[in-house]
2 protein chains.
Amino acid sequence: MNVNFAERAHNHNWKLDPIVRSLLDTDFYKLLMLQFIWKNFPAIPVTSEIYNRTLKVKLAERISAIALREQMEHVRGLRYRRSELVWLAGNTFYGVRQIFQPEFLDWLEHDFRLSDYEIHEHDGQLVIRFSGLWTEVTMWEVYSLAIVSEMKTRAALAELSELELDVLYARAKTRLWDKIEKLRAVEGLRLSDFGTRRRHSFLWQEYAVEALSSALGNRLSGTSNTALAYKHNLEAIGTNAHELPMAMAAMAARGSDQELRTSQYKVLELWQRSYGGELLIALPDTFGTTQFLEGAPDWVAKWTGERVDSKDPFIAGDEYISWLLKHGEDPRKKRLIASDGLDVDTIIRLHEYFNGRIRFSAGWGTLLTNDFRDCHPRGEDTFEPISLVCKVTSADGQPTVKLSDNASKATGPVEEIARYRRVFGSPVLAEEPVLV
Amino acid sequence: MNVNFAERAHNHNWKLDPIVRSLLDTDFYKLLMLQFIWKNFPAIPVTSEIYNRTLKVKLAERISAIALREQMEHVRGLRYRRSELVWLAGNTFYGVRQIFQPEFLDWLEHDFRLSDYEIHEHDGQLVIRFSGLWTEVTMWEVYSLAIVSEMKTRAALAELSELELDVLYARAKTRLWDKIEKLRAVEGLRLSDFGTRRRHSFLWQEYAVEALSSALGNRLSGTSNTALAYKHNLEAIGTNAHELPMAMAAMAARGSDQELRTSQYKVLELWQRSYGGELLIALPDTFGTTQFLEGAPDWVAKWTGERVDSKDPFIAGDEYISWLLKHGEDPRKKRLIASDGLDVDTIIRLHEYFNGRIRFSAGWGTLLTNDFRDCHPRGEDTFEPISLVCKVTSADGQPTVKLSDNASKATGPVEEIARYRRVFGSPVLAEEPVLV
């Protein structure tokens, strides 16, 4: 009697259940960086690559390369919709109107495309390589990470009965809500969702963000996910990533050590020609935070804040505050954003540690949108998040390098890393294990 | 695009969301007792009454008497459906066919009705009194308890947002599943759902029973809920309750103390004329277990087992085993059923304690079907189960009495309790607080 015949037939007709349904389903900083690249480097070819730092998880055994290609081709077939472009053009981001130039939006609508790519299997892993113009390659990062992450989820879901699925989500919701209750008790907290790339699924990220938003109100600054910001009337959050200094360093590496060294500030110079205010957030750890701050021109201290990624955020925050004071800046007017593998307890401790000293906010990622640890109804670990990354590997024919504050996160060819270490110095920190 | 217009309109047209949707939605033992009453006491008038032993919960402030009456009138309008009667006639219960006589089923189909009742408010409580023929009053017990219990649930649900509802059920499912995992680890366990009367809701009981059934397989003996047994192809479980010895004692109390005292065995005599095998389960605690066993005729030791209700089941089980040995019976062939306020840890301890000594099984009630403690998203206690009971208060014009092994569960007029205590003796046990 209650059968919805149309719905039932539709469910059985399903050809592809797309993971990425809109080109806005990406981190907002990718759009800011895309405009930056479109404006400054429209003709530079790059390559980038996805790899899985969690080697014990053999992705190729869980995910079919054919199904992966179908999902990726679906994204390639997407176009920016009129309503999305109108929103990008008319919305206020960080209090600023028209952050996106009309010419850029015009290009997005008519000329934006995603590059070609290759998928290989190697040693049980899936290797996905993108190559093309930087403007064509860059956006793959979040789309493809989110696709691989959700395909891994779907493979694990397929092994569960209906009741087990129910148990899985009940446990994950219970865990999420317990976290939210801890956060709700903290006055003056500020955090954002940074969990797009390694999310359990789009719908789960949406659930988590709605739950956070409903419980925390304006203590949730927003979400990095542009589609969720658009759909749920939230602030889109984010500025820039390692991709920019890595690619600019690779291009500068053709020249002198001095050119290589100053490339990390060239990025900032170019960035502040396009963006201002809350978007002037430096990311100092690409080649080591300490050398970055020591060698930075005075005008860098005028920037609005800093994002800490690979360094212990307590240490990095103190270091940044000292550096600001040395440059005559008031840290209480500056922003400190932490975003590396955070979970609630660390977020709360960081908030308490920096409260009143600097405007701290947390970018809460994988452990917001993909914390299914101990939720599997048969105790398996198939839903555990993995450390999946997508990095630019060459720019204009030159290999890229990242040194990072955590030596275990260094990437690039060995001989190039050696040169970069001569130029930038070696990080003093020991190798720390990478969780997510 | 995906709007189901018919469903949406239907949802908005809703006049009453019935709590009891079938006359089978009752404990199986009520049907066994109904046939017993129909056969032996077709013309005896009785009264019964619902009251709430958890006085701090003011039910009248949460439940509207008008809405309560609507739900009860809905049940009065129900009839046994053909398919339900066919199932009662043709099914095997406890391995026995035709447990229900054709004349009884015929009467159920054509002549069964529910008695009149009155609802009053007193001191913040709802007092519901039923009066009529015993065959008309008896079935109200489970219908009305389940209705009041679910109306209390619905009142609490109405205070939650959609997201909070989601959190509530996620937590309750997580808790339920954690319990099931503990039980799943215990080999040879036997338990049944006894949780109809104080359930959170019909749908939640159904969910809990399906979850148990799927995880425990045949370690779940079945469910006391006849509608769920019918719908999900499970065994219907149960035998008889205090109502029978209480009413028969009240009728005998017109006569001598000796007649009053032997009435507790008269019940058993009558019962074994109708039923055999696994249905020969004595319930010895109505007027005190110890005096019941001491005074019992030898043939009572031939019965299949005993259900422990108000006495500590470890003590009561040992007492029963000793008594069986004294009567030359092998306890390992007998059944011991515990059913009072059990939860997993006690169930497992009881199983381990009696394993190999007697065939133990657990009737798991309120803490299976209504354990929402600490699940409220704002920490309130509105979903906590309460100790709601329905007791026969008079039979054939005589007041009923229950002494029980737990003095705090004694019911009846003070002067009658005094006479019963002279006749049956006083329980030696201290008063124990009643949780559910």
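The UniProt annotation "modified residue: Phosphohistidine", taken from an unreviewed entry, covers A:H242. In this predicted model, A:H242 lies in the loop between helix 11 (226-232) and helix 12 (243-252) of chain A. A:H242 counts as buried because its relative accessibility is 4%, under the 20% cut-off. Beyond its neighbours within four places in sequence, A:H242 is in contact with A:L283, A:D285, A:T286, A:D309, A:K391 and A:K402.

Chain B and chain A bury about 1,500 Å² between them, with 52% of this area on carbon and sulfur atoms. On the side of chain B, B:L163, B:R171 and B:W177 lose the most area to chain A, together accounting for 34% of what that side buries. The contact comprises 17 residues from chain B and 17 residues from chain A. Six salt bridges are counted between the two chains; one of these joins the side chains of A:D166 and B:K173 at 2.9 Å, N to O. Residue pairs in polar contact between chain B and chain A number 13. Helix 9 (162-184) and helix 10 (202-216) of chain B each supply at least two residues of the side that touches chain A, and helix 9 gives the most, with 11 residues.

Helix 15 (residues 313-326) of chain B has 14 residues and reaches 20 Å from its first C-alpha to its last, close to the 20 Å expected. At its start, a side-chain oxygen of B:D312 reaches to within 2.8 Å of the backbone nitrogen of B:F314. The buried residues of helix 15, among them B:F314, B:Y320 and B:W323, pack against helix 14 (289-295), strand 9 (305-308), strand 10 (335-338) and helix 16 (344-354) of chain B. Just after helix 15, B:G328 takes a positive phi of about 75 degrees.

How values were computed. Residues are numbered from 1 along each chain as its sequence is written. Chains are lettered from A and ligands numbered from 1 in the order in which they are written. This is a predicted model: local features need pLDDT of at least 70, side-chain atom pairs count only at pLDDT 80 or more; totals for chains, interfaces and linings use all residues. Side-chain values use heavy atoms; hydrogens and water are left out. Helices (H or I, at least four residues) and strands (E, at least two) are DSSP runs, numbered from the N terminus. The expected span of a helix is 1.5 Å times one less than its number of residues. Buried means under 20% relative accessible area, exposed over 50%, partly exposed in between (1.4 Å probe, protein chains only). Contact means heavy atoms within 4.5 Å. A polar contact is a pair of N or O atoms within 3.5 Å; within protein, one must be able to donate a hydrogen and the other to accept it, and residues adjacent in sequence count only if both atoms are side-chain atoms. UniProt positions are given in the numbering used here, feature names are shortened, and annotations may be inferred rather than shown by experiment. Buried area is the accessible area (1.4 Å probe) that two parts lose on being put together, summed over both. A salt bridge is a side-chain nitrogen of Lys or Arg within 4 Å of a carboxyl oxygen of Asp or Glu.
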